[in-house]
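Visitor: I've got a model to look over and I'd like to know what the labels on it rest on. Can you walk me through it?

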Amino acid sequence: MSENKIPYKIYLEESEMPKSWYNLRADMKNKPAPLLNPGTLQPMTAEELSGVFCEELVKQELDNDTPYFEIPTEIRDFYKMYRPSPLVRAYCLEEKLGTPAKIYYKFEGNNTSGSHKLNSAIAQAYYAKNQGLKGVTTETGAGQWGTALSMACSYLGLDCKVYMVKCSYEQKPFRREVMKVYGADVTPSPSDTTKVGRRILEEFPGTGGSLGCAISEAVEVATSTEGYRYVLGSVLNQVLLHQSVIGLETKTAMDKYGITPDVIIGCAGGGSNLGGLISPFMGEKLRGERDYRIIAVEPASCPSFTRGEYRYDFCDTGMVCPLAKMYTLGSSFIPSADHAGGLRFHGMSSVLSQLYADGLMEAVSVKQTDVFKAAEEFARVEGILPAPESSHAILAAVNEALKCKETGEEKTILFGLTGTGYFDLVAYEKFHKGEMVNTIPTDEDIRKSLDRLPKV
Ligand SMILES: *Cc1c(COP(=O)(O)O)cnc(C)c1O
């Protein structure tokens, strides 16, 4: 089909939605490093993990070989409430930038939770329900994951306890209320309801919390309450697996119109949307079928890839979770109260970390004032009010498109637009008043928390 026939939005038919998730690990020559038991430093066994996660998810977590996992019909039906999501050709942005580049974005914000996180929330809630559990616990940063999980749990009739990073709980009261609409029990973290929360409050009084703290609390409650398991919205292999639905739909839509991206860009907090978006493309790259440039975009305030080290570390501040080998700033690193709450995590998915270490993808870090500038430019031409997290990818895509303007190259740029920013208007207000600052950790800040990493 010729170029000018490409519509503004490519919607697949429901029948064209993927029936299986794709497990990128199956095509990796260097597999991601296994999770380790922090006590013995041996790989976590399925039995050990099943105290924390439900059984089916443990299988998915540990399986580095099976390329496809069938998506259960119930999950596929739920997906149909908000999927397939559109692949948008950003004609208006291209025109505004005056670039010869062709820009596409996969928009995952078209559901009440406002982000891609629902793709994994429904899967994790489904397997918990199937195992006969009563409920799940989790952490949430900006609130997108907590909202997604609340929606999934209420749909399936599961109890949902959410530990929400305190500064977001205060900055984003509306998201907290949305979670309550869906019946979740929401506690600001660190809290005095857990042992680990009380310990963190003692060491860092007045802290606004972090994803790492909230994870520790949620895990403690899950492992000490009968009939509960813990679920996590990012970082884990299983989450990247579920999020492959983003990339698979994108690939199907692009193949239909004969489009091949040159550059694929995504924001990276724990790595799940980027891991999901790139999965079928990275699969081709790993199998030597095609090459793509892949770029992770992270905030300068929490630069795990660009300034962290590739080492074993705890996923949580309280040091109760297994050790993961990943690019990390150290689990004791507490990032500034940057407005892209979903990107405030000290580590990164083990899968993406291994790919990055192998030179198969790149990473850049960007400042939040530049991010909001790009977000606003984008909103004015493309109409969508983007989430601050997603706007990191917008900025990087715009920068790539502007490079094409200089060189005259007609590259095809694909980026993930992970969500909407309706609950981030306090941040937009700060930006408009000129009160937004860029807090960038010093080398010493990072060194200090890296020095506290476990010796493995
Ligand atoms: C959570 C979130 C992210 C970052 O998480 P990843 O696991 O890195 O994808 C990005 N965008 C939005 C809108 C989010 O809610």
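Visitor: Which residues of H14 are called buried, and what makes them so?

Guide: They are Ser350, Val351, Leu352, Ser353, Gln354, Leu355 and Tyr356. Seven of the eight residues of H14 (350-357) are buried, hence "mostly covered".

Bear in mind that this is a predicted model, where local features need pLDDT of at least 70 and side-chain atom pairs 80 or more, while totals for chains, interfaces and linings use all residues. Residues are numbered from 1 along each chain as its sequence is written.

Visitor: How do you know that domain 1 and domain 2 are in contact?

Guide: 47 residues of domain 1 are in contact with 51 residues of domain 2. Contact means C-beta atoms, placed from the backbone, within 7 Å. On the domain 1 side, H14 supplies at least two residues, and H11 gives the largest share, six residues.

Visitor: Where do the bounds of domain 1 (3-17 + 73-114 + 240-450) and domain 2 (23-70 + 117-230) come from?

Guide: They come from an automatic or database domain assignment. The C-alpha centres of the two domains lie 21 Å apart.

Conventions: Buried ≥ 20, exposed ≤ 12 C-beta atoms within 10 Å, placed from the backbone. Helix = DSSP H or I, 4+ residues; strand = E, 2+ residues; numbered from the N terminus. Contact = placed C-beta atoms within 7 Å.
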